[in-house]
Amino acid sequence: MNDPWWLMLAKVLGVFVFLILTVVLAIVIERKVVGRMQMRPGPNRVGPKGWLQSLADAIKLALKEDIVPFNVDKVIYALAPVISTVPAITAFAVIPLGPEVSIFGHRTALQLADLPIAVLFVLAMSSIGVYGIVLAGWSSGSAYPLLGGIRSTAQVISYEVAMGLAFASVFLYAGTMSTSGIVAAQDRVWFAFLLLPAFMVYLTAMVGETNRAPFDLPEAEGELVGGFHTEYSSLKFALFFLAEYINMTTVSAVAVTLFLGGWHAPFPFNMWPAANTGWWPLLWFTLKLWGFIFIYIWLRGTLPRLRYDQFMALGWKVLIPVALGWVMLAAVIRSLRNDGYQHWQVLLAGLSTLATVALLLALHRRFSALNTRRFESAPAVAAPPSSAGSFPTPPLPQRSSAVQRVKEDVNG
């Protein structure tokens, strides 16, 4: 890109400000939406109707004492939050926010860097960011943070494979790994409709990749105290918090770019000739991005945390086989397209819908049968004898056979 230095600097600042504002708003909106889901008001004291709560939290974290445990590796302990935050911000550099626009007489694309392997760059940055979590758990010198760091390693290995396979089908039909080229290939039909199984696999994998509920097992407050950042406080903890929300924004932007047409206007706005020109595409991109952020908030407010064996089984036994099978099927249809088959889009959309419905039915049948077996195998509790006019009381817990044998031995 042949932009002057001042324009490149303006783009860098623009991307950074866009990410920071998105994080600040996402924190407040998440607390308000989850509060409404739980029938409580949420933050409503700081600022007009509580909208300055994120600013108050940032000031509070900055003014807190920075406590460093005695037995930590101080260098790695201090670098771990930075290693998590910097790749999260850097990965957003290859996301196209819009087409070419005019800025002070210079024509430039609303994208910081257009790499020919931009999607692989995003995968690399997300992998490097996990090193911060692993090193934070290892350098803390405590057992619970170490377990959280090991869990994060297993999550990356499990879910990044499924994410890469979901990307492979997009590469097949876009013919490029450049994010701008993938957006240009979706000017008519979005890949979310043509590659629906890959889209669903990516949606699940991106939640697992960012350690968000219900996949927040590296933190897991109920079993690991606070997880990998248990021993962190003040601004170091704030950097981990910032990295989590920036990662959430980045993977949502990747989903918009790869599957929802990027900055292209949705229906019915795409019928307006000027919808995909000027600064309007930045609005469409932002609205799509916030749609995925709302999905993150919705999942956190509705789903409980998975057990670790359930989480790993979902990645290895469901997501990876489905993504691999879909890539093979999509490759066959791509070959038909290269051979001149005229109705490949109809065939691809039909098979995509059938594969998605079959996957959902199989998962529903599997979990329903599992719950039914557990219910049927549960011992029946006998109803207590009731007399007319008496107040019903719950049954007393039955003593185990071991307790009864001990009591007989003592009395005997």
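Reader: Which residues in α4 meet which residues in α5?

Author: In this predicted model, the α4 side of the contact is formed by Val-119, Leu-123, Ser-126, Ser-127, Val-130, Ile-133, Val-134, Gly-137 and Trp-138. They meet Pro-145, Leu-146, Gly-149, Ser-152, Thr-153, Val-156, Glu-160, Met-163, Phe-167 and Phe-171 in α5.

Reader: How does that contact divide by class?

Author: The contact of α4 with α5 has 12 nonpolar, 6 polar and 1 charged residues.

Reader: And at what angle do α4 and α5 pack?

Author: Helix α4, residues 118-139, packs against α5 at an angle of about 170°, and the axes are 8 Å apart. Angles over 145 degrees count as roughly antiparallel, so α4 is roughly antiparallel to α5.

Reader: What about α5 and α8: how far apart are their axes?

Author: The axes of α5 (residues 143-174) and α8 (residues 196-209) are 9 Å apart, and the angle is about 150°. That angle therefore makes α5 roughly antiparallel to α8.

Reader: Is that crossing left-handed or right-handed?

Author: The crossing of α5 and α8 is left-handed.

Reader: Which residues meet there?

Author: From α5, the residues include Gln-155, Val-156, Tyr-159, Met-163 and Phe-167. Among those they meet in α8 are Ala-198, Val-201, Tyr-202, Ala-205 and Met-206. The residues of this contact divide into 11 nonpolar, 4 polar and 2 charged.

Reader: Changing topic, which residues touch the most other members of the largest nonpolar core?

Author: That core has 76 residues, and Phe-92, Phe-167, Phe-191, Leu-195, Tyr-202, Met-206 and Phe-259 touch the most other members.

Reader: What does Leu-195 touch?

Author: Not counting residues up to four places away in sequence, Leu-195 touches Ser-169, Val-170, Tyr-173, Phe-259, Trp-326, Leu-348 and Ser-352. There is also a second, separate core of 8 residues, which includes Tyr-77, Ala-80, Ile-133 and Ala-136.

Reader: Now Thr-250: buried or exposed?

Author: Buried means under 20% relative accessible area, and Thr-250 has 3%, so Thr-250 is buried. Thr-250 lies in helix α10, residues 234-259.

Reader: With which residues is Thr-250 in contact, leaving aside its neighbours within four places in sequence?

Author: Thr-250 is in contact with Ala-88, Ala-91 and Phe-92. Phe-92 is also one of the residues that touch the most other members of the largest nonpolar core.

Reader: Lastly, how many helices and strands are in the protein, and what percentage of residues count as buried?

Author: The protein has 14 helices and 2 strands. Of its 412 residues, 42% count as buried. Among contacts between residues at least 6 apart in sequence, 77% join residues at least 24 apart.

Technical notes: Residues numbered from 1 in each chain as written. Predicted model: local features only at pLDDT ≥ 70, side-chain atom pairs only at ≥ 80, totals over all residues. Heavy atoms only, no water. Axes fitted to C-alpha atoms, helices over the stretch in contact; angles between N-to-C directions. Helix = DSSP H or I, 4+ residues; strand = E, 2+ residues; numbered from the N terminus. Parallel < 35°, antiparallel > 145°, perpendicular 65-115°, else oblique. Left-handed = near helix turned anticlockwise from the far one by under 90°. Contact = heavy atoms within 4.5 Å. Nonpolar A, V, L, I, M, F, W, Y, C, P; charged D, E, K, R; others polar. Core = buried A, V, L, I, M, F, W, Y, C linked by side-chain atoms within 4.5 Å. Buried < 20%, exposed > 50% of the residue type's maximum accessible area, 1.4 Å probe, protein only.
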